[in-house]
Amino acid sequence: MAKATRQAFGEALAKLGETHPEIVVLDADLAKSTKSEIFGKKFPDRFFEMGIAEANMIGTAAGLAFTGKIPFACSFGCFLTGRYDTIRLSVAYSQARVRLVGTHAGVGIGDDGHSQMGLEDISLMRSLPTMGVFQPMDARDTELIVEYLVKEWKGPAYLRLTRQNVPDLFPSGAKFNPLKLMEIKKASPGILCVATGAAVTEAVQAAEKLTAQGISISVWNASCLKPFDNETLVSIAKGAKLVITVEDHSVIGGLGTCVAEALAQAGSSISLVKLGIQDTFGESGEGFELYEKFGLSALAITKAVIQRVR
């Protein structure tokens, strides 16, 4: 069933709150949108509405972390990471066990326009020492990552979530390892596609179109952008003639950069194509229209691959 990862986050956190009293949630006047309100309604004494004051919220979350709590600080990704200096000092440098939750990621949010679109947030968060960066592809992926952030991850973390619904893609019976790439569509060596977040859906649909045209392409999901799974990436890229990355984020500093760094460090000469937001700002429009305009739709991905292999 299609569900936005922000919705899956809210539901998962409220469920975990039953067995983990150390979880507290803070929001910057966007609880209805970030879905942190689900936790707030269930545990009002552990929910803090901080108003339109993200910097103060982040500092407060850091303080709560040092008292033994596991704070989830929520807002739109662009507003949250816009307080980069506070995150850098109060969370990353201090190694506070804060979970920063940025919803409404990418151009996929649609009509809200460029002022609301987090398109540089992964790049910013990846650059911070101690910070983990996670972006699930669907509801099940989200639930498992949220659980991992509560039970296992020790340092600061940034969790990037969608406004729009995304279909269920998590393979039935698949072994979950949040720090590893996950194979979503198998194919013989040829073209390797690595995608993250909502872009995984478009990549899978593109792969189906390409397969129908006799072009072999495998699709892998990258839910963890830092630490990035260099080992698996280099292994699965062997034998491929083309690697393509797809992300609803700037191609500077995001998934495409992760893959480029991994291949370069391994001395690989495989061709790499990075599909994403090409060093520009977003704009207002329907989500599907923007995915087509910025080359992220299944059709756009299909055309980009065909252009390079034929």
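**Notebook: helices, cysteines and one lysine**

I began with helix 10 (residues 230-237) and helix 11 (residues 255-265), which pack at about 70 degrees with axes 9 Å apart. Helices here are DSSP runs of H or I, at least four residues, and strands are runs of E, at least two, numbered from the N terminus. Axes are lines fitted to C-alpha atoms over the stretch in contact, and angles run from 0 to 180 degrees between N-to-C directions. So helix 10 is roughly perpendicular to helix 11 (65 to 115 degrees counts as that).

I noted that the model is predicted: local features need pLDDT of at least 70, side-chain atom pairs need 80 or more, and totals for chains, interfaces and linings use all residues. Residues are numbered from 1 along each chain as its sequence is written, and side-chain values use heavy atoms, with hydrogens and water left out.

Next I looked for disulfides (cysteine sulfur pairs within 2.5 Å) and found zero in the whole structure. Buried means under 20% (1.4 Å probe, protein chains only).

Last, I checked Lys-3, which lies in strand 1 (residues 3-4). Lys-3 is buried, with a relative accessible area of 16%. I found its side chain joined to that of Glu-11 by a polar contact of 2.9 Å; such a contact is a pair of N or O atoms within 3.5 Å, one able to donate a hydrogen and the other to accept it.

Methods. Buried means under 20% relative accessible area, exposed over 50%, partly exposed in between (1.4 Å probe, protein chains only). Angles under 35 degrees count as roughly parallel, over 145 as roughly antiparallel, 65 to 115 as roughly perpendicular and the rest as oblique.
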